[in-house]
Amino acid sequence: KEFENLRDGGDDTFRLESEDGSKWIKITKKIMDGTVRCVVEDVTDEVLQTKALQVERDRDGLTGVGNRLAFEKKMECLRDNFGSGNRPGFVMCDLNNLKCVNDEFGHDKGDEYICAAAGCIRKAFPTGHVFRIGGDEFAVILTDVWPDEAREGLKVLAVGMEEYSRGCSFDASVAAGIAFYDPGMDAGLDNTLSRADADMYSNKRKMKR
């Protein structure tokens, strides 16, 4: 039974730990003349290559955070494992004036702006799962953070963007909204996500005044 728990990468692939690190073996059963024989293969290189490709597939090429595909996968996992004791939160972020920056200063400067914002978001929510879900949009999934901690994170984000903006020829800022699952308000996690999105747009309108 303990060996069964080592399955990783397929029904016939198992992960083993040793002093030299992780190894993966593939065990194939073959029946010949009524005799069951097992063929054991070292498939470590193949497994590591597959895992590396999966990481690259789920990573935003510009910022290094998760991409929209990774975000959807994480949301699906949250929905599948969601229970009454879970109170995940979401932070939705949107860069202000990115199109203007691209038009006036070029896309290289726009990309720098996006990367700076991604860095500030990661610093503000170090235990959160950060994703770039659009050209100028980011989402953070919080699973082990209290609401008060998350609100402090919003302050850290604002300070970080202010520091970056001082060295720019344009106003660099991020509009952000936050919401935590509330059983009295939300039928499911998608409702919580929508509330965070609405909060972000509300703050975006205030920042434009």
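Three strands make an open sheet here, in the order β1-β2-β3, with antiparallel pairing. β1 and β3 sit at the edges with a single partner strand each, so one side of each has no neighbour in the sheet. From one strand to the next the twist averages 35°, with axes taken as lines fitted to C-alpha atoms, for helices over the stretch in contact, and angles running from 0 to 180 degrees between N-to-C directions.

Bear in mind that this is a predicted model: local features need pLDDT of at least 70, side-chain atom pairs count only at pLDDT 80 or more, and totals for chains, interfaces and linings use all residues. Residues are numbered from 1 along each chain as its sequence is written, and side-chain values use heavy atoms, with hydrogens and water left out.

**The sheet, strand by strand**

- Helices (H or I, at least four residues) and strands (E, at least two) are DSSP runs, numbered from the N terminus, and two strands pair if DSSP finds at least two bridges between them.
- β1 (residues 13-18) and β2 (residues 21-32) run antiparallel over 6 bridges, and they form a hairpin with 2 residues between them.
- Leu16 has Lys23 in β2 as its bridge partner.
- β2 also pairs with β3 (residues 35-42), again in the antiparallel sense, over 8 bridges.
- Along that pairing, Thr28 stands opposite Val39 in β3, while Ile25 has Asp42 in β3 as its bridge partner.
- The hairpin of β2 and β3 has 2 residues between the strands, and Asp33 takes a positive phi near 55° there.

**Helix α2**

- α2 covers residues 68-80, and its end C-alpha atoms are 18 Å apart, which agrees with the 18 Å that 13 residues should span at 1.5 Å a residue; the expected span is 1.5 Å times one less than the number of residues.
- Its buried residues (under 20% relative accessible area; exposed is over 50%, partly exposed in between, with a 1.4 Å probe and protein chains only) are Ala70, Phe71, Met75 and Leu78.
- These cover an arc of only 135° around the axis, which puts them on the same side of α2; the arc is that of the directions from the helix axis to the C-beta atoms.
- The cover over the buried residues of α2 includes β4 (89-95), β5 (129-132), β6 (137-142) and α6 (189-207).
- Where α2 starts, a side-chain oxygen of Asn67 comes to within 3.2 Å of the backbone nitrogen of Leu69.

**Thr192 in α6**

- Thr192 lies in helix α6 and is buried, with a relative accessible area of 0%.
- Its side chain makes a polar contact with the side chain of Asp186 at 2.9 Å. A polar contact is a pair of N or O atoms within 3.5 Å; within protein, one must be able to donate a hydrogen and the other to accept it, and residues adjacent in sequence count only if both atoms are side-chain atoms.
- Leaving aside residues up to four places away in sequence, Thr192 touches Pro88, Phe90, Ala179, Phe180, Tyr181 and Asp186, where contact means heavy atoms within 4.5 Å.

**Two loop residues**

- Asn97 is in the loop between β4 and α3 (98-105), and its phi is near 65°, a positive value in a residue other than glycine.
- At 39% relative accessibility, Asn97 counts as partly exposed.
- Pro183 is in the loop between β7 (174-180) and α6, and counts as partly exposed at 46% relative accessibility.
- Pro183 and Arg87 are 96 residues apart in sequence, with 8.9 Å between them in space, C-alpha to C-alpha.
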